[in-house]
Structure formats: C-alpha cells, structure tokens
Amino acid sequence: MIAEGRLRIATLNIWSLNEWEARRGAIVTWINRLKPDAIGLQRVSRTGSACQATWLGERTGMNVAFGGLHRPDGTLFGNAILSRMPIVDSEHRVLPNSLSKERRLCLRAALDTPRGPIQLYNTHLNYLFDEGYVREAQVVALSEFIAETYLQSCPAVLTGDFNAVPGSTEIRYLKGQASLDGGSFHLFDSYEAARPASLGFTWDNQNPYAAKNRVPDQRIDYIFVGVRTEDGTGQILDSNVAFDEPIAGTWPSDHYGVFTDIAFHLLGSADA
C-alpha cells in the first residue's frame with residue numbers, strides 16, 4: 001500500500017548483462033536505499049533460464065512487468081517495470097527504428113492504487129548520434145501510445161533512457177516545445193521542474209563504465225509527468241540523480257538513474 005502524500009518513481013538503464021554478476025548487488029542496494037514505489041528499467045535481458053528484472057524484483061520485494069524483443073541469439077531484450085503496487089495489466093509497443101540496429105519498444109504497466117490505476121510508461125530510444133530522425137519518429141509513436149491508453153485517474157508517467165539531451169527536438173517535442181509530423185505533445189520534465197539550474201548529468205565520465213565510451217557528460221535519462229489533477233496528484237515535489245555512487249567499490253551501471261517524487265492523494269483526501 002503506498003503512503004498518502006507522496007509517490008516515488010525512479011528510472012535506470014541497467015546495462016544488460018555487462019559485468020552483471022559484479023554489479024547486480026549494487027543495483028539492489030540502491031533500489032532498497034531509494035525505496036521507489038515503481039522503477040522503470042531499460043536494457044533488460046531475459047534468457048531461457050533467467051531474467052534480470054525477475055532477479056531484481058525478488059530481491060527488492062517488487063512486482064515485475066517485462067517487455068522484450070528477440071535478438072539473433074534467442075534472448076529477449078527490452079524494458080521492465082518494478083512496482084510495489086499490484087500490476088493490473090501491461091503491454092508493449094514496438095517503436096520505429098533504423099534498419100541497422102536492434103529494435104526499441106515502450107512498455108506500459110497499469111499500477112493499482114486506491115484512486116485508480118497509474119499508467120507508467122518506460123522506454124529506451126535509439127542511441128546513435130546521427131539518427132536523431134529515428135528518435136523523433138519514436139517519440140511521436142510514444143505520444144500516440146500514451147494518448148491511446150492513458151486513463152484520467154492519475155497523471156501519466158514516462159520514464160526511460162532517451163539518448164537525447166534536453167535541447168534536442170525529441171525532448172522538446174515531449175515537453176510541448178517542438179512539433180513533429182504536424183503535431184505536438186506535452187509532459188513535464190520532472191528534473192527540470194524541480195532543479196532548473198542543475199545540469200543533472202546521467203551519463204558522466206566520473207563513472208569508469210561510462211568513461212570507456214568517450215562520450216561527453218550529458219543528461220539523457222528522464223522522468224516525465226503529466227499535468228497534475230485537481231486535487232494535486234502528480235505535482236512534482238522533488239527530483240534528483242540517483243545510482244550515482246559505487247557500492248563497495250562497484251558502480252551499479254554505466255548510466256546514472258533519476259528519481260522523482262510526485263504528490264499522491266487518496267480520492268477526497270486532499271484540500272480543495
């Protein structure tokens with residue numbers, strides 16, 4: 001049962017199976033430290049005998065939804081949502097992609113709350129620097145998916161690794177500041193709303209796993225939130241970078257994560 005007053009959402013790209021056995025304990029420690037009510041995970045792998053999301057869910061006491069696409073080696077690769085709330089249903093939608101690299105998807109999970117389901121969406125966009133046009137097509141597909149499935153009881157929440165900086169067309173489109181295909185969309189960037197003067201890098205060369213890739217520091221992982229309800233549910237209370245320190249000398253991933261606290265009220269409990 002989630003507490004009256006606050007809902008904590010987090011996101012983390014878990015870097016698939018790279019050095020998984022060495023890192024996975026650090027991810028569990030971070031999740032248990034943050035105590036999110038739900039977390040979106042990207043780059044999640046499932047083989048015939050094991051699933052990274054299931055392993056994490058078992059050790060954090062969270063319910064699991066997973067959406068994956070087949071790779072040539074037979075494994076499933078995609079996104080997961082872990083939730084302390086019951087997961088009523090889930091589905092995923094395949095996003096447009098280039099022909100040269102693996103496909104991407106968006107996973108939706110309906111999380112049961114006393115005021116109705118919260119729709120949590122979790123995605124991972126194309127990472128190639130010169131394929132911003134692919135990410136643009138992907139965010140249009142994301143907006144269509146959310147518009148088709150979003151319920152009004154709580155604001156929609158979108159988490160993920162977007163592989164795009166705040167000033168990119170892809171991110172500006174999601175914030176209602178750019179149009180694509182003759183249309184526009186709007187969610188709030190929760191980190192920007194809570195910490196407008198902070199850089200908030202989630203790809204940071206202080207992390208030795210990130211430093212190996214020779215990519216400059218940048219903010220590419222986000223939690224977006226819809227407009228709050230009349231009773232204030234969905235109001236952004238705080239947001240910050242997380243998973244940004246090693247545990248016993250081991251970094252949890254090559255990415256840092258993000259957490260966001262939003263207001264949550266039981267129906268009829270908030271002041272008008």
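Strands β4 (76-83) and β6 (104-111) each supply at least two residues to the lining of the largest cavity. The largest share, three residues, comes from β4. The model that shows this is predicted, and its protein chain has a mean pLDDT of 94, with 96% of residues reaching 70 or more.

The cavity itself comes next. A search of the whole structure finds one cavity of 30 Å³ or more, and the volume of the largest cavity is about 50 Å³. Its lining consists of R43, F77, G78, N79, R103, R104, L105 and H124. Sorted by class, these residues are two nonpolar, three polar and three charged.

The structure also has pockets, which are open. The largest pocket has a volume of about 530 Å³. Its lining is made up of 26 residues, and those that lie nearest its centre are Y127, N163, W203, I220 and H255. By class, the lining of this pocket divides into 10 nonpolar, eight polar and eight charged residues.

N163 counts as buried because its relative accessible area is 16%, and buried means under 20%. Leaving aside residues up to four places away in sequence, N163 touches H124, L125, N126, Y127, R135 and I220.

Helix α1 is another part of the chain to examine. It covers residues 20-34, 15 residues in total, and reaches 20 Å from its first C-alpha to its last, close to the 21 Å expected at 1.5 Å a residue. Its buried residues are W20, R23, A26, I27, V28, W30, I31 and L34. An α-helix has 3.6 residues a turn, so residues three or four places apart point the same way. Within α1, W20, R23, I27, I31 and L34 are among the buried residues.

The buried residues of α1 pack against several elements: the strands β1 (7-13), β2 (38-46), β11 (236-242) and β12 (257-262), and the helices α2 (52-60) and α6 (208-211). Just after α1, K35 takes a positive phi of about 55°.

Technical notes: Residues numbered from 1 in each chain as written. Predicted model: local features only at pLDDT ≥ 70, side-chain atom pairs only at ≥ 80, totals over all residues. Heavy atoms only, no water. pLDDT = per-residue confidence, 0-100. 1 Å grid on protein atoms, 1.4 Å probe; cavity = no way out; pocket = protein on both sides within 12 Å on 5 of 7 lines; lining within 4 Å. Points joined across faces, edges and corners; volume = space filled by probe spheres on them. Nonpolar A, V, L, I, M, F, W, Y, C, P; charged D, E, K, R; others polar. Helix = DSSP H or I, 4+ residues; strand = E, 2+ residues; numbered from the N terminus. Expected span 1.5 Å × (residues − 1). Buried < 20%, exposed > 50% of the residue type's maximum accessible area, 1.4 Å probe, protein only. Contact = heavy atoms within 4.5 Å.
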